[in-house]
Amino acid sequence: MSSATQDPQPTTAPSDRLAEMLDSSARIEELSSAQEDEIKEADDDDEYETSSDSDDGQNVHRWLGSKAKPNLPFYFAAPGPLRDTLATSTSVAQEKTMREVLDLMTGNAQIMTDVNAYGLPHLLKNKHAAFLRTILGKYPPPFQVMDASRPWLLYWALNGLRTLGVDVSEYKQRCIDTFTPLQNPEGGFGGGHGHLSHAAASYAATLSLALVGGLDMIDRRAMWHWLGQVKNPSGGFNMAVNGEQDVRGAYCCMTIHTLLRLPLTLPPSSPARAAGLDSFTSNLGSWISSCQTFEGGLGGAPDNEAHGAYAFCVLACLCLLDSPTKAIPTYLNTKSLTHWLVFRQASPEGGFSGRTNKLVDACYSHWVGGCWSLLESALSIPAGKSLWHREGLVRYTLTCSQAKKGGLRDKPSTRPDGYHTNYSLAGLSAAQYVYTYKDDVETTQDTEVEALTAAFNWSFERPTQQQMKEWCFDEKDLVEPVHPVFVLPFDVVEDARAKFAGKVGF
């Protein structure tokens with residue numbers, strides 16, 4: 001998701017206010033020396049044996065060890081019986097990845113010392129937290145290519161830390177100082193300094209500010225007007241004014257709208273009003289319905305290829321509009337969607353891929369793994385029953401995604417980053433908790449102030465000892481519950497709901 005930018009302008013001296021913000025040592029910059037030392041200390045921990053393997057010491061199985069071989073079901077211990085013999089660049093990469101995963105899963109040539117009761121490496125919480133803190137530090141010059149992703153860097157780090165149970169309130173003022181120059185007068189946030197407002201940047205900024213208790217700095221009236229400008233006459237949302245329309249825009253914009261408890265009525269200046277629309281939800285469900293493909297999955301827009309991240313955006317957006325039992329079956333073919341999602345969980349890897357005939361990728365632990373609580377609720381699947389293999393995702397995350405130096409990664413032979421760390425942890429939360437929707441908590445729409453409230457009706461159940469045994473993790477490996485719609489800790493969502501509860505207007 002990238003931010004739109006304005007045409008280059010002649011170089012001019014910044015305003016005194018902007019200069020003050022840019023020069024402030026308090027704002028989050030792009031690795032401080034102290035943070036480098038912290039991550040180095042974690043790396044230098046001699047509690048584990050290391051290896052000079054070609055994996056650069058990144059693989060957990062080369063430096064942790066088991067006192068016994070993992071208790072591995074047969075379907076995680078060998079390739080499946082059906083193999084496609086057509087050789088392509090993708091199938092060659094798939095074979096390489098599968099072999100790397102099998103080496104990790106089966107515990108070949110390991111001397112492990114720190115595993116849970118089921119022979120899997122423990123979740124390295126302290127090292128992952130140290131890794132995420134470096135993301136909130138300074139960056140070397142090559143990272144200028146990430147300039148349009150400033151809000152995302154903060155969200156991935158802050159949300160990952162909170163999912164690990166780390167308090168992030170110390171970053172409140174630094175976040176506010178960082179986002180102040182990114183908030184545009186017309187509403188919304190750009191990805192970097194001088195960038196036009198963008199749905200993805202505005203979403204990540206809003207979630208980041210919610211994580212640190214800084215939502216007060218958002219101009220809600222201006223945000224309402226800007227969201228009205230990106231409401232498309234077709235019913236969906238553009239990513240920016242005159243930008244592309246896709247389901248990311250629908251989910252990002254409606255998440256912002258709901259968290260900030262904005263009026264449902266479109267602003268008078270919204271272009272969608274000329275098409276006869278009067279509400280942010282007008283024609284949204286029907287436009288989303290047109291994005292379901294012949295495979296059963298969801299594309300970013302009509303006639304696009306089905307993709308796991310778009311499936312989550314669609315399901316979560318519908319759960320913002322109404323209860324899952326009403327919204328999802330109304331606009332989607334749940335039978336074909338279930339079929340498509342089931343086939344995204346790879347075997348023997350246990351993790352998820354994002355598209356048909358693609359490789360397993362840890363970010364889809366959330367983008368696909370996060371779909372299941374929403375879809376299972378829509379289908380009224382009894383709590384405790386699952387349409388997917390939770391143990392498989394736990395095994396992939398703990399055994400294959402963790403890196404020795406901290407952080408989680410896409411797949412073996414790749415390096416960790418903030419994006420995959422955050423979404424791997426969110427996916428692990430989806431595998432560890434049971435999330436349920438309760439219709440009787442609140443009405444789905446507050447008629448007094450015309451606000452959407454359906455998404456606040458979710459709750460979670462901590463895993464029982466029996467479930468932890470079935471899903472192969474210990475209490476030590478448990479992360480915090482992550483809200484299945486907002487992808488934030490539950491207490492952060494509740495704080496946002498309470499902050500604007502009963503608020504009329506701006």
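Predicted model: local features only at pLDDT ≥ 70, side-chain atom pairs only at ≥ 80, totals over all residues.
Let's start with the helices. Helix α5, residues 150-163, packs against helix α17, residues 418-432, at an angle of about 40 degrees, and their axes are 9 Å apart. That angle makes α5 oblique to α17. The crossing of α5 past α17 is left-handed. On the α5 side, the contact is made by Trp152, Tyr155, Trp156, Asn159, Gly160 and Thr163, and α17 brings Gly418, Tyr419, Asn422, Tyr423 and Leu425. Sorted by type, the residues of this contact are six nonpolar, five polar and no charged.

Now keep an eye on Tyr155. In the largest nonpolar core, which has 129 residues, Tyr155 and Leu488 are the ones with the most contacts inside it. Helix α11, residues 308-321, gives this core its largest share, 12 residues. Apart from that core lies another, of nine residues, including Phe76 and Tyr396.

What does Tyr155 touch beyond four places away in sequence? Its partners include Leu207, Leu211, Asn422, Tyr423, Val487 and Leu488.

Val487 brings me to the backbone. Val487 is not a glycine, yet its phi is positive, about 55 degrees. It sits in the loop between α18 and α19, and Val487 is buried, with a relative accessible area of 1%. Asn283 also has a positive phi, near 60 degrees, but Asn283 counts as partly exposed, at 42% relative accessibility. Asn283 lies in the loop between α9 and α10.

One last stop: the peptide bond from Ser347 to Pro348 is cis, with omega near 15 degrees. You'll find Pro348 in the loop between α13 and α14.

Technical notes. Residues numbered from 1 in each chain as written. Heavy atoms only, no water. Axes fitted to C-alpha atoms, helices over the stretch in contact; angles between N-to-C directions. Helix = DSSP H or I, 4+ residues; strand = E, 2+ residues; numbered from the N terminus. Parallel < 35°, antiparallel > 145°, perpendicular 65-115°, else oblique. Left-handed = near helix turned anticlockwise from the far one by under 90°. Contact = heavy atoms within 4.5 Å. Nonpolar A, V, L, I, M, F, W, Y, C, P; charged D, E, K, R; others polar. Core = buried A, V, L, I, M, F, W, Y, C linked by side-chain atoms within 4.5 Å. Buried < 20%, exposed > 50% of the residue type's maximum accessible area, 1.4 Å probe, protein only.
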